[in-house]
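Reader: I am new to this structure and would like to learn how to read its features one at a time. Could you take me through some of them slowly?

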Amino acid sequence: MILQVSHINKTFNSEILLKDISFHINKGDKVALIGNNGCGKTTLLKIINHREPSDSGDIIMPSDVTIGYVEQNISYDSDKTIHEELLSAKEELIETEEKLNKLNSQIENATGQELDRLVKEASDLHEEFSDKGGFTYRSEVIGVMKGLGFNDEAANLPVNSLSGGEKTRVALGKVLLNSPDIIILDEPTNHLDINSISWLENYLASSKSTILIVSHDRFFLNKIVNKVVEIHNKNARLYTGNYDEYATKKQQLMESEMKAYLKKTAEIMHQEKVIEKLKSFNREKSIKRAESREKMLKKMEEPIRPEEIDNIINLSFSPRITGGNDVLSVESLKKSFDEKQLFNNLSFEIKRGERVAIIGDNGTGKTTLLKIINNIYDADSGKVTLGTDISIGYYDQAQSNLDDEKTVFDELHDAYPDMNNTEIRNTLAAFLFKGEDVFKEIKMLSGGEKGRLSLAKLMLSNANLLILDEPTNHLDIDGKQVLERALNNYTGTVLFVSHDRYFVNRVATRILELRFNNLLQFIGNYDYYLEKKEDVYKAYFNSQSTVANSSSASVNSNANSINPANPEEYNNTNKSSFNALDYKQEKEIKNKLKRLNKELKDTEKRIAESENELSEIDAFLSDPANGNDAPGLLQKTKDKEQVEEILMELMDEWEKISEEIIEVSSS
């Protein structure tokens, strides 16, 4: 056991937040801490990290355990660049490296016992340096930096110039590079795009550190954790398995608890009837028996009704006007900001009833595309056409359609006066506003609650095309499940941007990925996208190369797609749906191949030089004439290790360049 949380209690403003929280984590466990917004997850993390005191209880762990903690939003000053700040996580190795260099310099001028002492000290330090990753730490820093979305250009930016989200990513990188015994992360995916989240998944999954994560990203949790601690009704319960296994076990547990409650309630009702019947006999013996049963009944604990499992209201939201089958047509859309081109010649169509997700890296233009469709931005060129009787409802995360001075109930009542109180209550209940919650003032709601209310209002509108920009932001897991149910029961059409892969997987019937300044299309959910994306990328390059070498004057400009019913459809080059490469793009590919081939030759030359250097070192080490040259032999041995390390890196680089050449030139 590496961490024990024992009987933690915490109160805020006379209200109990955490009550008798207890669980333990073993070394190497990867644990998710989940619960609704406001249940105390972040507070508990701060208590574990001794950033905040508990009212009572203990946090128990071995005294030598190290903790790395990354909060949701971090603000710190540093004049260092991103690369320098991340490199500072390896300060101990850097100091050891400097010490080794100093020892090597001293060895050159030492003799006798002093030489023996220095050689032994250097040998021991060299072994320690190697064991702690001294020969790979610089490449490790670069790998983490790029994995978290900082390219070579960003590496030289001062940390002080970064946004809050970027600073949080730097802090996350430093914790990962420090490799503490326990890594504690509070919503680590908030400031990452899908590629960076995927990289972090792989990093954490292979990490030897014990990990405790607060996250609403269910896909992320499924990939990493082997235990789930749920905070619910101020208490904690530990489940083994990933998120999906937790959800299944929780459902089974709730069903079991409900059965036990109903059984005990039935038993009490039965006893009451028996007592009443015995008393009705009005005989001394029967009355005594009734009194005896009454005493037993009073000793029985009153059963507490568990949380309902079937109290979720599934409402079907239907727009007043159905609209035509052709909902949206986008033709040859182009958009740039300053000199940066987001996309060029985008074309796609959406049919009635589809739920289409747009995914892609940060900065590829997903939100811009939605705003062009919604007439908020103008395109540089191209055309957006709405179908017959199509009306758009737009969700932009700002909740600008809410009146802070109204209550939750009045917000819906005033917007939809034809709805009766029961209909309004049912709608609000479907979006988790129950009991007295419906009379809360909107200005008192959390970001997630405002998001749920905005979405409820939007679902009731006359819009038959919903355009949603990151609708799950600020929503906890229950809120996301509510939205999933609402959209899956919606009879209109949905176009949305989201980085929540679990949500995309549950809702989308088609995925459009903004990549290579173009749209790649997948007719299926996120699981299908993961299965087919490499094939589609390859097909994209093949089709681009085919088009570039063709004298054909025109090609179909729709986004490339693979149909699950016909997975080989994309191989039909006559039906290529990618736009033709213009001269500039073709030239860029040729230049890239030229550069890669030069890098390959340079790498081959450096490999040959390293091999020659190794041969010379081996010749020196095997020469009997050098047998008494202890300093020389020691230095040559170290030189050999360094050259071998360089040689391995060069071979890896050669392989990487070769694969890139094949990928770029494939046709």
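This is a predicted model: local features need pLDDT of at least 70, side-chain atom pairs count only at pLDDT 80 or more; totals for chains, interfaces and linings use all residues.

Reader: In which order do the six strands of the open sheet stand?

Author: Strands of a sheet pair through backbone hydrogen bonds, and the pairing may be parallel or antiparallel. Here the order is β5-β6-β7-β3-β8-β9, with mixed pairing. Because β5 (67–70) and β9 (235–240) each have a single partner strand, they stand at the edges, and one side of each is left without a neighbour in the sheet. From one strand to the next, the twist averages 15°.

Reader: In which sense do β8 and β9 pair, parallel or antiparallel?

Author: Strand β8 (residues 227–232) pairs with β9 in the antiparallel sense, over six bridges, and valine 229 stands opposite leucine 238 in β9. Helix α1 (residues 41–48) lies across several strands, including β3, β5 and β8, and runs at about 150° to β6.

Reader: Which residues of β15 are buried on each side?

Author: In a regular strand the side chains alternate between the two faces of the sheet. In β15 (residues 465–469), Leu465, Ile467 and Asp469 are buried on one side, while Leu466 and Leu468 are buried on the other, and both faces are covered.

Reader: Which strands pair with β15?

Author: Strand β14 (residues 392–395) runs parallel to β15 and is joined to it by four bridges, with glycine 393 opposite leucine 466. Strand β16 (residues 493–497) also pairs with β15 in the parallel sense, over five bridges, and there leucine 466 stands opposite valine 494. The chain passes from β15 through α15 to β16 in a right-handed β-α-β crossover.

Reader: What do the buried residues of α13 pack against, and which residue caps the N-terminal end of this helix?

Author: In α13 (residues 421–430) the buried residues include Ile424 and Leu428, and the buried residues of α13 pack against α12, α14 and α15. Asparagine 420 caps the N-terminal end, with a side-chain oxygen 3.1 Å from the backbone nitrogen of threonine 422. Just after α13, leucine 432 takes a positive phi of about 70°.

Definitions and conventions:
Residues are numbered from 1 along each chain as its sequence is written. Side-chain values use heavy atoms; hydrogens and water are left out. Two strands pair if DSSP finds at least two bridges between them. Helices (H or I, at least four residues) and strands (E, at least two) are DSSP runs, numbered from the N terminus. Axes are lines fitted to C-alpha atoms, for helices over the stretch in contact, and angles run from 0 to 180 degrees between N-to-C directions. Contact means heavy atoms within 4.5 Å. Buried means under 20% relative accessible area, exposed over 50%, partly exposed in between (1.4 Å probe, protein chains only). A polar contact is a pair of N or O atoms within 3.5 Å; within protein, one must be able to donate a hydrogen and the other to accept it, and residues adjacent in sequence count only if both atoms are side-chain atoms. A crossover is right-handed if, with the strands pointing away from the viewer, the path from the first strand over the helix to the second runs clockwise.
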